[in-house]
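Here is a walk through one protein model, from its overall make-up to single residues. Keep the structure open as you read.

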Amino acid sequence: MNLKNSKFFKRIQELRHFSKEKIRKDREKRTHVVRALDMALNEQPCLDREWFSPEQSPPLQPMSPRRRMKKTRCLKRRAAAGKQVGDNSPYYGPSSGENSPMPADEAKLQGFIQLNNKTYRVECPTRVLNPPMNVDEERPASETKSTICVSNSRYAMIGKISKTLGYKLVKESKMWNILWSDSFPGVELFKNMKRFQQINHFPGMIEICRKDLLSRNLNRMLKIFPQDYKIFPKTWMLPADYGDAMNYALNHKRTFILKPDSGAQGRGIWLTNDLKTIGPHERLICQTYINRPLLIDGYKFDLRVYTLITSVDPLRIFVYNEGLARFATNKYVEPTPGNANDLYMHLTNYSVNKRNSHYELCDNDDCGSKRKLSAINTWMRRHNYDVEEFWSNVDDVIIKTVLSAWPVLKHNYHACFPGHDKIQACFEILGFDILVDWKLKPYILEVNHSPSFHTNEQVDREVKRPLIRDTLNLVSTVLADKRQILKEDRKRVKQRLLKIRGDPPVQRPRLGGGTSKPKIDAQKGGPDAQPVDVEPEAEDHGPLAQQIAWEESHLGNFRKIMPPPDLSKLDYYTRFYAQSNQVSIFAETAASKKREDLARKMRIQIEEKKAKQQQMLNGNAKRDARKRHTVLLPRAVRERNRMNLFRLRENWSPGFISDAEERLRHTWLHMRAEAIRTLKITENIYSNLYETGLLTNTDMVVYPHLYHNLQHGYDIKHVP
């Protein structure tokens with residue numbers, strides 16, 4: 001029997017349709033009543049109802065949607081033409097001419113509303129627009145409706161702030177204006193982007209966001225500019241630089257901090273004084289540990305500085321004036337072999353310290369394990385530090401770090417976005433982690449391409465919400481006409497498909513083409529020539545000048561650091577643009593590969609020599625082969641084994657014991673001692689050992705009274 005053809009199934013379907021229809025009618029009725037009440041109580045005109053004067057009869061039925069739309073269009077046309085609308089208009093009061101009995105601002109409108117089959121007369125003031133608004137004219141750029149896709153972001157705050165700014169949330173399959181993603185998108189997404197679309201990542205930014213690539217770029221710049229790039233701790237990339245690191249460790253007694261090449265959130269970081277404990281095949285980043293950092297209240301801390309990059313050609317960098325200072329949760333002591341495993345003392349990562357029971361939550365700026373940069377500035381002024389000079393040094397570190405990867409960023413951008421001529425296709429918020437030593441010198445530790453926007457604490461909400469709002473206000477997506485760009489692209493595709501002959505297509509100029517420093521220097525005669533300016537003239541590049549003007553007028557709490565306002569600094573940073581003229585960006589990569597191959601061959605020779613010597617001493621070839629196999633385990637297996645050992649060591653360190661736990665421990669110890677004394681467990685065991693002849697000299701010395709009683713024939717098991 002087919003269930004769908006039965007009477008029972010048909011009856012159920014009828015009941016379902018009846019219920020849906022009833023729910024829909026109730027909802028419409030409820031919405032109608034609520035909106036009418038809203039209008040009456042708030043004294044606002046309602047376009048969903050026809051209004052009448054007292055002499056006219058009120059309608060018994062609401063206006064149809066088509067008639068309502070026609071009425072609205074008529075009112076807008078009459079408003080655009082400058083006509084005066086009479087008493088029946090919901091937006092305009094009586095004529096405000098000479099014969100008007102009352103001013104237009106004091107005009108009142110009488111109308112009727114129908115609630116629950118009863119008609120009520122209400123009286124409310126009209127909204128007078130003086131002068132009448134022309135609805136056909138174009139709205140300002142800041143009021144245009146833009147769309148944003150946050151489907152690839154796990155932070156709900158970004159979507160909420162976008163909605164408050166007037167953005168419409170859409171899916172990735174729609175024609176979005178901004179795509180906000182937590183991870184690096186693929187090349188296909190970059191290639192398929194329209195000229196009005198923007199994404200919050202630059203292609204190639206991983207050159208400074210991975211620890212190993214950041215170290216490689218900074219070391220390369222240090223070789224070219226040895227006096228200018230002392231902005232990071234001395235760094236080696238293992239195993240390629242294993243020999244150099246071992247040679248440095250033999251000549252300098254320093255503490256080293258070792259990090260995974262692509263780790264995050266403090267995972268896999270450890271300290272050591274002896275690099276010989278590191279395997280020759282370990283893939284790590286080795287840095288000298290800054291053992292004299294700047295301390296506040298005895299705690300080590302680092303700074304999370306939020307940096308916005310809106311363009312790479314020309315390079316435009318903005319730094320947010322507010323940020324976070326993350327504190328360690330144990331007071332700092334210089335590293336020793338005994339405290340090297342205390343991660344809560346040496347690491348400032350929030351992901352690590354939040355697990356410590358000493359982590360402090362505080363709404364006051366002068367306390368807490370996470371504070372705002374404004375509180376750090378107040379503390380520095382209180383201790384007579386030069387705050388302006390300090391932040392100038394921080395800006396210098398940020399600019400030089402970005403410039404170390406500038407050739408790759410510029411090349412990748414123009415390769416992925418050859419047709420973006422209206423606005424920049426990318427913008428990106430970077431989280432710079434900066435450590436300050438006791439001389440107030442900043443050092444770059446790492447760069448985060450997707451800093452956390454969780455708002456678990458009050459200080460997070462006070463910093464990150466304005467940061468997202470000011471970033472969305474600063475980006476120039478509102479400067480691109482979405483409809484016009486789509487229309488131009490469709491026309492161009494149509495001409496190409498139909499092979500329409502006519503005027504040759506005009507090449508679209510790049511937004512920042514021909515304005516970079518190396519090109520200016522080349523025109524001037526070399527990298528040492530005097531620069532003209534980083535930014536092009538407004539009359540030559542309209543879209544770029546429009547974007548620069550927009551950014552300058554929507555800074556919010558950002559400050560522009562590149563191009564710098566000081567012309568002397570502009571000349572200083574010019575020579576860092578010409579790095580590709582002095583050394584190829586791929587030459588260091590080739591050299592590092594060759595150095596790594598030579599180091600690997602040398603390690604293999606040393607291991608073979610040691611194996612032969614061990615075989616000659618022991619004469620056990622199978623055991624040596626097994627050792628050889630253990631040494632040559634895959635890197636993933638060795639990394640997993642090392643991480644397991646690291647977690648075990650971390651778990652071995654005792655945690656915090658509260659007073660209640662200590663009292664409970666003493667109570668249980670007292671109960672155990674009382675049970676041993678009451679049940680005479682010690683006497684029974686001692687008597688059994690004495691009877692079997694297993695008593696030792698130690699037992700006789702520790703319990704002499706029990707031994708004396710047994711020697712004289714007393715029964716110690718039953719003696720009270």
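Helices (H or I, at least four residues) and strands (E, at least two) are DSSP runs, numbered from the N terminus. This is a predicted model, in which local features need pLDDT of at least 70 and side-chain atom pairs count only at pLDDT 80 or more, while totals for chains, interfaces and linings use all residues. Residues are numbered from 1 along each chain as its sequence is written, and side-chain values use heavy atoms, with hydrogens and water left out.

Start with the whole protein. It has 25 helices and 18 strands. Of its 720 residues, 42% are buried (under 20% relative accessible area; exposed is over 50%, partly exposed in between; 1.4 Å probe, protein chains only). Take the contacts (heavy atoms within 4.5 Å) with a separation of 6 or more: 66% join residues 24 or more positions apart.

Now look inside. The whole structure holds 6 cavities of 30 Å³ or more. On a 1 Å grid over the protein atoms alone, a cavity is a set of points where a 1.4 Å probe fits but cannot get out; lining residues have an atom within 4 Å of a point. Grid points are joined across faces, edges and corners, and a volume is the space filled by probe spheres set on the points. Strands 8, 10, 12, 16 and 17 each supply at least two lining residues.

Next, the loops. Asp297 sits between strand 11 (295-296) and strand 12. Its phi is positive, about 60 degrees, although Asp297 is not a glycine. Asp297 counts as partly exposed because its relative accessibility is 46%. Lys680, also not a glycine, has a positive phi of about 55 degrees. Lys680 lies in the loop between helix 22 (659-679) and helix 23 (681-692).

Two prolines come next. The peptide bond from Leu238 to Pro239 is cis, with omega near 10 degrees. Pro239 is in the loop between strand 7 (235-238) and helix 7 (242-251). Met562 and Pro563 are also joined by a cis peptide bond, with omega about 5 degrees.

Finish in the helices. Asp489 belongs to helix 14 (residues 482-498). Asp489 is buried because its relative accessible area is 18%. Arg647 lies in helix 21 (residues 635-652).

Technical notes:
1 Å grid on protein atoms, 1.4 Å probe; cavity = no way out; pocket = protein on both sides within 12 Å on 5 of 7 lines; lining within 4 Å.
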